[in-house]
Amino acid sequence: MGQCGITSSKTVLVFLNLIFWFVIILLLVFVTEVVVVVLGYVYRAKVENEVDRSIQKVYKTYNGTNPDAASRAIDYVQRQLHCCGIHNYSDWENTDWFKETKNQSVPLSCCKETASSCNGSLAHPADLYAEGCEALVVKKLQEIMMHVIWAALAFAAIQLLGMLCASIVLCRRSRDPAYELLITGGTYA
């Protein structure tokens, strides 16, 4: 009889220890989500400064060759976001690539999709995207950050709801009587 009591109390202690560590892990995840939301909101405005600094550096290193990662990235961004240059297509005139090529043109990735005979020439600015890429990149990054913030808030809310429901179930469980035997017709069910 005593051995049975010791065994069941060890099981209860192991179970309580398991619940304790589960709650600690849940709280750590919750705190991490809250920190992500706060930092995302605080640093959302600083994205523009970082993008401006980075984009200036990348445009200076543009060389127009496909193997170069910076050149591929600029061409990709300009094609995907339908933009040209940092603020507009005239920004290309200040790059080393523009000065070295001496052909008075911007990269072909600046050409509008509707302009079939576009060669990037500054003589035909109607064929080029007029809007700069910096504002569009900042806008896209801020949209992504807002999605991350909302997702973290949603997970935190679901987690809080789960912890609340678990607490309610545990509180009600403690008030319920222990297991009861169902006796029907003199036999155990």
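**Aromatic pairs**

I started with the rings, and a search of the whole structure turned up four aromatic pairs. My criterion covers rings of Phe, Tyr and Trp (its six-membered ring), which pair if their centres lie within 6.5 Å; planes under 30 degrees apart count as stacked, over 60 as edge-to-face and the rest as tilted. I describe a pair of aromatic rings by the distance of the centres and the angle of the planes.

A note on what I'm looking at: this is a predicted model, where local features need pLDDT of at least 70 and side-chain atom pairs count only at pLDDT 80 or more, while totals for chains, interfaces and linings use all residues. Residues are numbered from 1 along each chain as its sequence is written, and side-chain values use heavy atoms, with hydrogens and water left out.

I looked at Tyr-59 and Trp-92 next: this aromatic pair is tilted, at 4.9 Å centre to centre with 55 degrees between the planes. Tyr-59 lies in helix 2 and Trp-92 in the loop between helix 3 (69-81) and helix 4 (96-101), so the pair ties together parts 33 residues apart in sequence. Helices here are DSSP runs (H or I, at least four residues), as are strands (E, at least two), numbered from the N terminus.

Are Tyr-59 and Trp-92 buried or exposed? Both are buried, and Trp-92 sits at 0% relative accessibility. My cut-offs: buried means under 20% relative accessible area, exposed over 50%, partly exposed in between (1.4 Å probe, protein chains only).

Then I checked Tyr-62 against Trp-92: the ring centres are 4.9 Å apart and the planes stand at 70 degrees, so this pair is edge-to-face. Tyr-62 is in the loop between helix 2 and helix 3, Trp-92 in the loop between helix 3 and helix 4, and the two are 30 residues apart. Tyr-62 is buried too, with a relative accessible area of 5%. I wrote down one aromatic cluster, made of Tyr-59, Tyr-62, Trp-92 and Trp-97.

**Helix 2**

Tyr-59 sent me back along its helix. Helix 2 covers residues 47-60, has 14 residues, and reaches 20 Å from its first C-alpha to its last, close to the 20 Å expected at 1.5 Å a residue. The expected span is 1.5 Å times one less than the number of residues.

I listed Val-47, Val-51, Ile-55 and Tyr-59 as buried in helix 2. Why do they end up on the same side of helix 2? They cover an arc of only 80 degrees around the axis, which puts them there; the arc is that of the directions from the helix axis to the C-beta atoms. The background: an α-helix has 3.6 residues a turn, so residues three or four places apart point the same way. On the face turned away from the buried side of helix 2, I found the exposed residues Asn-49, Arg-53, Lys-57 and Lys-60.

**Disulfides**

Next I went through the cysteines, taking a disulfide as a pair of cysteine sulfur atoms within 2.5 Å. How many disulfides does this rule give? The count is three.

- Cys-83 is joined to Cys-133, S to S 2.0 Å, and with 95 degrees about the S-S bond the link is right-handed. It links distant parts of the chain, with Cys-83 in the loop between helix 3 and helix 4 and Cys-133 in helix 5 (residues 133-175), 50 residues apart. Cys-83 is buried at a relative accessible area of 0%, and Cys-133 is buried at 0%.
- Cys-84 and Cys-110 have their sulfur atoms 2.1 Å apart, and the S-S torsion is about 85 degrees, so this disulfide is right-handed. Cys-84 is in the loop between helix 3 and helix 4, Cys-110 in the loop between helix 4 and helix 5, 26 residues apart.
- Cys-111 is joined to Cys-118, S to S 2.0 Å, and the S-S torsion is about -65 degrees, so this disulfide is left-handed. Cys-111 and Cys-118 are buried.

Counting bonded cysteines along the chain, I get the pattern 1-6, 2-3, 4-5. I also looked up Cys-165, which counts as partly exposed at 41% relative accessibility.

**Whole protein**

Last, the totals. I count five helices and two strands, running α-α-α-α-α-β-β from the N terminus on. Buried residues make up 24% of the 189 residues.
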